[in-house]
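Here's a quick briefing for anyone meeting this structure for the first time. Have a look at it below, then read on.

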Amino acid sequence: QVQLVESGGGLVQAGGSLRLSCAASGRIFSINAMGWYRQAPGKQRELVASITNGGNTNYADAVKGRFAISRDNAKNTVYLQMNSLKPEDTAVYYCNTDARLSGSWAHYDYWGQGTQVTVSS
């Protein structure tokens, strides 16, 4: 079983910054990739950023140049540095990982509980 715990969300003014953290724990054999998704009320969940074990990153066009994803492989932790925040960034942010459990060959998708990010005008 893999558990993901997010932290760092909160209320900020437009132009401010937040840093989200997500720590993975459990019987983890390996992690292929980790990422951040977000979902605003009434909208579909969308990919914000992702990072592979090799360090390859991918960003949604809406956050390029403002957000940066990074990870600490030794701690199984992924971070999302969010700068120049805009009201449209307001959403629940979810951590995601593609991980292999100990004793298992296959990879599975796991999700955190989400952390609220609210950006005021």
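**A ring pair and a core**

Trp111 is partly exposed, with a relative accessible area of 37% (buried means under 20%, exposed over 50% and partly exposed in between, using a 1.4 Å probe and protein chains only). This is a predicted model, so local features need pLDDT of at least 70 and side-chain atom pairs 80 or more, while totals for chains, interfaces and linings use all residues. Residues are numbered from 1 along each chain as its sequence is written, and side-chain values use heavy atoms, leaving out hydrogens and water.

**Rings**

- Tyr37 and Trp111 make an edge-to-face aromatic pair, 4.9 Å centre to centre with 65° between the planes (ring centres of Phe, Tyr or the six-membered ring of Trp within 6.5 Å; planes under 30 degrees apart are stacked, over 60 edge-to-face, the rest tilted).
- Tyr37 is partly exposed too, at 23% relative accessibility.
- Arg45 lies over the face of Trp111, 4.7 Å from the ring centre, and over the face of Tyr94, at 3.7 Å (that takes NZ of Lys or CZ of Arg within 6 Å of the ring centre and within 35 degrees of the ring normal).

**Core**

- The largest nonpolar core has 31 residues, and Trp36, Leu80, Met82 and Tyr93 have the most contacts inside it (a core is a set of buried Ala, Val, Leu, Ile, Met, Phe, Trp, Tyr and Cys residues joined through side-chain atoms within 4.5 Å).
- Tyr93 touches residues including Trp36, Tyr37, Leu80 and Met82, leaving aside those up to four places away in sequence (contact means heavy atoms within 4.5 Å).
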